[in-house]
Amino acid sequence: MKLPAVQKAVLEAASTDEAQTIAALAEAVDELPETVTGAVFELSEAGLLAVDERIEGTATLTDEGREYLVDGLPEVRLYEAAVEAGATDSPAPMGAVVDASDLAGPQVNIALSNFARKGYGTIEGGTVSAAPDADTDADPEAAALSTVEAGGDAPADVLDQLERRGLVERHERTVRAVTLTDRGVTELMAGVEASEGVDRVTPELLTSGAWRDAEFAEYNVEADAAELAGGKVHVLRQTAERVKDVLVGMGFQEMEGPHADAEFWINDCLFMPQDHPARTHWDQFALAEPSEIAELPADLVERVERAHREGVGEAGGGYHSPWTEAVARGVDLRGHTTSLSARYLSGEQVGELEPPQRFFSVEKVYRNDTLDATHLLEFFQIEGWVMAEGLSVRDLMGTFTEFYAQFGITDLRFKPTYNPYTEPSFELFGTHPTTGELVEIGNSGIFRPEMLEPLGVDADVMAWGLALERLLMLTHGFEDIRDVHGTLVDLSFLRDTAVVY
Ligand code: PHE
């Protein structure tokens, strides 16, 4: 039979009775281990080699472990200094023993606790007594440090202890033992020739033109490859970028603005009465420092106050509830990014805007919620609005349908709801891919005249706030938002999850 040169060499180097590791075979045939791994997989698939895989635990010394290997374990050094100081006969002052031991900083505490644990002596009332019969030369942890350094097998319980002390790190690796199968023997006896197949493109191959007639070996794209776990953008951040791309593709421009903002922009501009329950510390995080924002546009403040007190338009009523500028100046972590929409719509951020306009942001918001599977104290909101003449709820539904379709979500449901600043308003739902439950993914509506008129906008504005984490729940099937955020997130999830396009 014909085989590529490396496979032929590996086959010839393999033996029926003596299992060999990839490393040993690589040395025997003088090729890179990854090249040999590829050849071994091909040969085992063809039934010519047998591969036995086993997970092997190994250990290596940490920097601290290596230091103790050279200088001795701190508790051993303490014992030696104590013996020097005569502490086997009568207790010696601890300060003097520690000084003589040359231990410094955190090593003193490490020495003291392990000294007692190992029965090298006792520490009492500022004195040290050394056990006369302690044998520090036989210290199993010291012995294990040397064994690990030499690449040998130290007892598992001692390794556990050294790992707890941060002196060794343990790793797992797959060891492959390769043997020749009966079929392999038969083929070798019948004669194996190296095929002409070219497995890599070389400069000679290119310059001589020989590549034209060369027969290229096939690549096995399914073979194991070395795993590279480099730094990577978090999947949530990647999805945020993807959302931005989609919205820019739909003609939107990005808004930006402060995370901590005046209540004026967060609430008052949205026609939220100052005694609204959502404006208490039960819901929002207020900042003590700075306690207020000095600069608010005076004419806008006046118009917003009038809307709150008297309402807007002929039939306007207003809230008749207390309204003070002091409350409007208070600083909160924004509970929604609709504060940005208020800033942009008012002309405060980028000047007066003429319709049509489309703006968005994908930014963090903060809420004093109770942490559970679907709520976090901070999350990313996908804010957006469209300013145009004659907008209707149909336009809003159409925009969402188009947006979510980009993420493969085509089963949106809409439900009427209430917001102080929109009328009509509706919530959006999608179906969870594994549980089949309806998940709320956003809130939206058409801004009320009581909000728009004081801001100086006389076109229609439809707007929304969608939750980025909920979008991710639908695209990736998470049931708990804490699988995506925070310290409990699985590392392999962060490494392996693909962003949905
Ligand atoms: N601010 C709303 C929220 O946080 C979302 C929203 C924005 C609703 C704009 C309507 C219009 O839930």
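Helices and strands here are DSSP runs numbered from the N terminus, with helices being H or I of at least four residues and strands being E of at least two. Pockets and cavities come from a 1 Å grid over the protein atoms alone: a pocket is an open set of points with protein on both sides within 12 Å along at least five of seven lines, a cavity is a set of points where a 1.4 Å probe fits but cannot get out, and a lining residue has an atom within 4 Å of a point. Grid points are joined across faces, edges and corners, and a volume is the space filled by probe spheres set on the points.

This is a predicted model, with pLDDT of at least 70 needed for local features and 80 or more for side-chain atom pairs, while totals for chains, interfaces and linings use all residues. Residues are numbered from 1 along each chain as its sequence is written, and side-chain values use heavy atoms, without hydrogens or water.

Now the largest pocket. Its volume is about 1200 Å³. There are 33 lining residues, and Glu34, Thr35, Thr37, Gly38 and Ala39 are the closest to the centre. The top contributor to this lining is α3, with six residues. At least two residues each come from α1 (5-13), α2 (22-29), α3 (33-45) and β7 (168-180). The classes are nonpolar (Ala, Val, Leu, Ile, Met, Phe, Trp, Tyr, Cys and Pro), charged (Asp, Glu, Lys and Arg) and polar (the others, Gly among them). On that basis the lining has 13 nonpolar, nine polar and eleven charged residues.

Next, the second largest pocket, with about 990 Å³ of space. Its lining has 44 residues, and those nearest the centre are Gly335, His336, Arg367, Gln381 and Asn443. Here β16 gives the most, seven residues. Elements that supply at least two include β13 (378-388), β15 (422-431), β16 (438-447) and α19 (468-476).

The largest cavity holds about 40 Å³. Lining this cavity are Leu247, Met250, Ile382, Thr399, Phe400, Phe403, Trp464 and Leu466. Two or more of these residues come from each of α17 (393-405) and β17 (460-467), and α17 has the largest share, three. Seven of the lining residues are nonpolar, one is polar and none is charged.
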